[in-house]
Amino acid sequence: MICWSCQREAGSEAFCVACGALQPANDAADAFSVLGLPARYGIDLAAAEAAYKEQSRQVHPDRFATADPRARRASLARTVQLNQAWLTVKDPLRRAGYLLERAGMFIGGDDKKSTVGGGDDKRTAEVSAPPAFLLEIIELHEELRAARRAGDSVKVAFMAEEIRGRAAQSMVGIAEALDSGERAKLEKAARSFMAMRYYQRFLDEALADAGGGHGA
Amino acid sequence: MAPDVLFQIAEPGESRVKHACRTNAVGIDLGTTNSLVAIVDAGKPICLTADDGAGDAGVAGDAIVPSVVHYAEGGDVVVGADARDRLAPDHPRDTIASVKRFMGRGMRDAEATRRLTPYRFAPAATAAEEGVVRFAVAGGRAVTPMEVSAEILKVLKRRAEEALGGPLAGAVITVPAYFDDGQRQATRDAGRLAGIEVLRLLNEPTAAALAYGLDKQAEGTFAVFDLGGGTFDISILKLEDGVFEVKATGGDSALGGDDFDRVIAESMIDRHVDIGRTDDTEPHFVRRMLDAARALKEALTADAEASIEVALADAEAPTRFALTRAEMEALVAPVLARCAGPVRRAIADAGIEPGALSGVILVGGATRMPLVRRFVAEAFGREPLADIDPDQVVAMGAAVQADMLAGGASRDDVLLLDVVPLSLGLETMGGVAEKLIYKNTTVPCGARQTFTTFADKQTGFDLHVVQGERELVADCRSLARFTLTGIPPMPAGMARLEVEFTVDADGILRVSAHEQVTGRQTAIEVKPSYGLTDAEVERMILDSFANAEQDVETRLLVEQRVEADSIVAAARGAMSDAPELLSDADRDAITRAMADVELARGGGDRHAIRAAIEELDHASKEFATRRMNRALEQGFRGRSVDKVDAELGAGKAGGR
């Protein structure tokens, strides 16, 4: 990359090695590399947060309020990318989904828009939840709805607890699979990940009235 | 091409600021009731006071400039204490107070239509003008809230320039954290009208935390409860190693001390005034009653009972109104209770227990009231911190930020991480709001989403940008509409429109869009549009919780219907486009399945629609494959089969 400011070789870091001007963001960088982290599920969150804040200090628009417009644009783009990366990495579920997509597992749905960077030409394997699972979850939903209608808050809480337990168990499996790098395990993890979505929806519904106080 | 296009962001204001040894940058708290300006002097933020009152709008020795602007017959403008105390009683219509409540608001907003307003509004000449309130004042002038605010800012600018002995380099102006995009735009525009380089819009609670945190070397998680004259904010921040990180924010941009005055005045009128003889829309009367209510409220902060005499009409003997603190508290308690929901949600959104807080910081004049302090103590389960001047702390925080932005005393250790107060999204088919950026996302932030055409040969996209938490567009605040045109006709689902949202550090949204197949693009700075009243905005978040479940159901049904329409349209189009690829058996099966989809679509059961769509998918699979293969041969080489499949609407119509 040639530096926009001094027209010399800028190097690959955020700031030009020759003149120190902030360089434009690399749009293709993925969330982990933006934060300087290895692309794996098991990460040191505290260290990741420290890295996020340290980088924020350096590239944040507050540091460039009166700088050259090109530096300000670079600062805005880099901070947007950095914030997005941290949003993806800090949340276990988002992090898992991101890693699965990165490994070529196609997981449709809510988080697509949070994808950072390229990866368009990767091999994708579409994953769908097994029918037996869907059937079960539909039945559970109906059971939950009936319990809510009947005002049986004990049963609702009990069901939520069970699903929470299942979700936690799935998450352990997903975490293990993600860092194993084995294709077969990843595919299984992707299916578990799909299941997490359903668990999440189930829990949202269960907590809608049990959450006490969060409602209006 | 993508990176250049995606970050095609409007120039963030042409800076005329050059690096200087001394930063003539100031912090401005543009408040509903009072405004202040502060600078950093010898490393400490201080609020500037009126020296001698000569040519200044404040009271000598006082930092406060009342946010009151008087427009005189001859064209003169008077700002501050003089306008409030001397001119407002005699010229209620020409003397604008609490203009902040009108910022970014339209003629149909509650603020412009409520009871007990002393103002007269200029009728909107065009539909576009409905989006901005205009006060009809002396001399036949009509002024917008931005212009009125600019008059206040000019006074503060003059005061600062006199103190600094030179021109202002720039200013950080504070806004309520809960201000939406339109209100922020209006504030920035007011700064521009006043000839001020607006370095940043800073959220008031964040400014307060910054001033408090640096002054006290505080660390931990703090709540800032900011109840001013017209707005309410609640922010939860984590202070650690110089990082001020907002975890969650909430509030109500039309709730404050003014609303207390209003309920007190309404009660005074209802109990003691013979409306048969007195017109409660008469501006002098309204102004007097509101001022009397405010005086009673302030007296009752210290005293258990108070009374005031008001001349209801010029010729009449004054009427005495007496009120006890208990009576007043009974009146304002229901208004104050509106803070409870936002407080609970902010705590929940921040993912903390109230017990984990290190302290609660009070900001805003209304937090002086004993009732408000009791409310806060109860809401957080702890006594709020009392060692901060709730009037000055915001301006001081803004001054610190201004000094940092202008490159003053090196504070490389300080970092402010603020958030978006309300989710931002786009309208999609069926009036559903697709959120691109969720509330409480750290700014600056961005999001991209790809949309596609709904109908065959569609040549334009109408983009409708909305802000709010509800699922349906009709329940969110409309921010802007714009159109991307000139897309060559393609089958439905073939065009790829990528929309990019970028929220800058001021919390202001910019939207750009480009059609990926043709490369056509458009970029706009979101200018507020219209459609919703203030009350509707206030209701948005509350409703989103009350109706979360119903919303989801409605949304799923709407989406299912939209999908049904689009799949039937696609199938129909495909059949007429490529009849030669169709066997008689296929045609019969597809036609039957289409009829079933349309039948199911008319009902309210989304599962039935889903089932019918799947049936149609199944029936048309062979045909779709043949058609897709041909399409691929005809020039979609290089695209993955999955994508074309999805675009043709014939592949997996997968669940969400």
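Leaving aside its neighbours within four places in sequence, with which residues is Ala38(B) in contact? In this predicted model, the partners of Ala38(B) are Val26(B), Gly27(B), Pro45(B), Ile46(B), Cys47(B), Leu48(B), Ala395(B), Met396(B), Ala398(B) and Ala399(B). Contact requires C-beta atoms, placed from the backbone, to lie within 7 Å. Residues are numbered from 1 along each chain as its sequence is written, while chains are lettered from A and ligands numbered from 1 in the order in which they are written. Local features need pLDDT of at least 70, side-chain atom pairs count only at pLDDT 80 or more, and totals for chains, interfaces and linings use all residues.

Ala38(B) also belongs to the largest nonpolar core, which has 217 residues. Ala38(B), Val26(B) and Ala171(B) have the most contacts inside this core. A nonpolar core is a set of buried Ala, Val, Leu, Ile, Met, Phe, Trp, Tyr and Cys residues joined through C-beta atoms within 7 Å. Buried residues have 20 or more other C-beta atoms within 10 Å of their own, exposed ones have 12 or fewer, and partly exposed ones fall in between; C-beta atoms are placed from the backbone.

In chain B, 5 strands form an open sheet with mixed pairing, in the order 17-12-13-14-18. Strand 17 (359-363) and strand 18 (415-417) stand at the edges; each has a single partner strand, so one side of each lacks a neighbour in the sheet. Neighbouring strands of this sheet are turned by 25° against each other on average, direction ignored. The axes are lines fitted to C-alpha atoms, for helices over the stretch in contact, and angles run from 0 to 180 degrees between N-to-C directions. Strands (E, at least two residues) and helices (H or I, at least four) are DSSP runs numbered from the N terminus. Pairing requires at least two DSSP bridges between two strands. Strand 13 (residues 232-240) and strand 14 (residues 243-252) of chain B pair in the antiparallel sense over 9 bridges. Phe232(B) stands opposite Asp252(B) in strand 14.

Most residues other than glycine have a negative phi, and most peptide bonds are trans. Ala42(B) lies in the loop between strand 2 (34-41) and strand 3 (44-47) of chain B. With 6 C-beta neighbours inside 10 Å, Ala42(B) counts as exposed. A cis peptide bond, with omega about -5°, joins Val443(B) and Pro444(B).

Terms used: Contact = placed C-beta atoms within 7 Å.
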